[in-house]
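Here are a few exercises to work through with the model open beside you. Try each one on your own, then check the steps below it.

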Amino acid sequence: MVRKALEMQIGLAEQALHELQENGRKAMARFSVLERQGEKLSTEKNEIVKQRINLYEQYADGEMSKAEFVHRRDAYREQEENLMQQIQCLRAEKEQLFQPMQKEAGQLQEVVDAVHDAGDVMQLSQTVVETFIEQIEVFNDERVAIYFTFEDVLQGQTESGTIAP
């Protein structure tokens with residue numbers, strides 16, 4: 001029973017790690033899209049800066065009135081500020097993209113690595129028990145609760161009644 005529960009927990013850890021790796025691939029694709037959007041916005045911002053410089057040169061050459069210059073300059077500044085806000089939002093999204101997965105992946109990878117280091121779980125050696133099982137409780141009604149050392153990593157993914165979360 002302990003072996004079966006341990007195998008199930010390890011299987012869940014490996015499955016969750018695989019799902020995290022898949023989510024990582026999707027996050028990389030999203031990151032690439034955000035990068036391209038950021039580059040596009042930066043190009044647009046640089047174009048507005050050039051237009052603003054050109055506007056100033058037109059004003060300095062006397063090709064437009066001060067009122068028209070101020071009006072158009074302010075419009076360019078507003079566009080530039082909007083683009084900068086969009087760029088900042090993209091940067092923030094890119095920074096947040098991988099953070100949740102990195103912590104979970106690290107914890108799950110530790111479990112999977114511990115499995116490989118501990119050896120064959122079918123043998124249920126002392127090393128396997130010390131590595132993966134924190135406590136085993138046997139109740140009078142012949143129910144067993146197994147508390148694993150990595151329970152927080154897989155919390156909520158166990159079958160209730162079979163293994164204590």
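**Exercise 1. In this predicted model, find out what kind of contact the side chains of Arg 52 and Glu 80 make, and which parts of the chain the pair ties together.**

Step 1. Start with the atoms. The N to O distance between the two side chains is 2.2 Å, and Arg 52 and Glu 80 meet in a salt bridge. The cut-off for such a bridge is 4 Å.

Step 2. Now place the two ends. Arg 52 sits in helix α1 and Glu 80 in helix α2, so the bridge ties together parts that are 28 residues apart in sequence.

Step 3. Glu 80 has a relative accessible area of 15%, so Glu 80 counts as buried, because buried means under 20%. Arg 52, at 25%, is partly exposed.

Step 4. Look around Glu 80. Leaving out residues up to four places away in sequence, Glu 80 touches Lys 45, Ile 48, Val 49 and Arg 52.

**Exercise 2. How many salt bridges does a search of the whole structure find? Describe the ones formed by Glu 35 and by Arg 72.**

Step 1. The search turns up six salt bridges.

Step 2. Take Glu 35. Its partner is Lys 94, with the closest N and O atoms 2.3 Å apart. This pair links distant parts of the chain: Glu 35 belongs to helix α1 and Lys 94 to helix α2, 59 residues apart. Glu 35 is partly exposed, at 28% relative accessibility.

Step 3. Take Arg 72. Its salt bridge is with Glu 68, and here the closest N and O atoms are 3.5 Å apart. Both residues lie in helix α2, four residues apart, which is about one turn of the helix.

Step 4. Arg 72 is partly exposed at 30%, and Glu 68 is partly exposed at 36%.

**Exercise 3. Is Leu 55 buried or exposed, and which residues does Leu 55 touch beyond its sequence neighbours?**

Step 1. Leu 55 lies in helix α1. Its relative accessible area is 2%, so Leu 55 is buried.

Step 2. Setting aside residues up to four places away in sequence, the contacts of Leu 55 are Met 64, Phe 69, Arg 72, Arg 73 and Tyr 76.

Step 3. Pick one of these, Arg 72. Leu 55 and Arg 72 are 17 residues apart along the chain, and their C-alpha atoms are separated by 7.9 Å.

Step 4. Zoom out to the core. The largest nonpolar core has 13 residues, and Leu 55 is among those with the most contacts inside it, along with Leu 41 and Leu 97. Helices α1 (2–60) and α2 (66–97) each supply at least two residues of this core, and α2 gives the most, with six. In general, nonpolar side chains of soluble globular proteins tend to be buried together.

**Exercise 4. How far does α2 reach from its first C-alpha to its last, and which of its residues are buried?**

Step 1. Helix α2 has 32 residues and reaches 46 Å, close to the 46 Å expected at 1.5 Å a residue.

Step 2. The buried residues of α2 are Phe 69, Tyr 76, Glu 80, Leu 83, Ile 87, Leu 90 and Leu 97.

**Exercise 5. How many aromatic pairs does a search of the whole structure find, and how are the rings of Tyr 59 and Phe 69 arranged?**

Step 1. There are two aromatic pairs.

Step 2. The rings of Tyr 59 and Phe 69 are stacked, 4.5 Å centre to centre with 15° between the planes. The pair joins distant parts of the chain, with Tyr 59 in α1 and Phe 69 in α2, 10 residues apart.

Step 3. Phe 69 is buried at 9% relative accessibility, whereas Tyr 59 is partly exposed at 28%.

Step 4. Ring pairs also bring in Tyr 56, which forms a cluster with Tyr 59 and Phe 69.

**Exercise 6. In which sense do strands β1 and β2 pair, and over how many bridges?**

Step 1. Strand β1 (residues 133–138) pairs with β2 in the antiparallel sense, over five bridges. Gln 135 stands opposite Tyr 147 in β2.

Step 2. The two strands form a hairpin with five residues between them, and Glu 142 in the turn has a positive phi of about 65°.

Step 3. Strand β2 (residues 144–148) is mostly covered, with four of its five residues buried.

Technical notes. Residues numbered from 1 in each chain as written. Predicted model: local features only at pLDDT ≥ 70, side-chain atom pairs only at ≥ 80, totals over all residues. Heavy atoms only, no water. Core = buried A, V, L, I, M, F, W, Y, C linked by side-chain atoms within 4.5 Å. Buried < 20%, exposed > 50% of the residue type's maximum accessible area, 1.4 Å probe, protein only. Expected span 1.5 Å × (residues − 1). Phe/Tyr/Trp six-rings, centres within 6.5 Å; stacked < 30°, edge-to-face > 60°. Contact = heavy atoms within 4.5 Å. Pairing = 2+ DSSP bridges.
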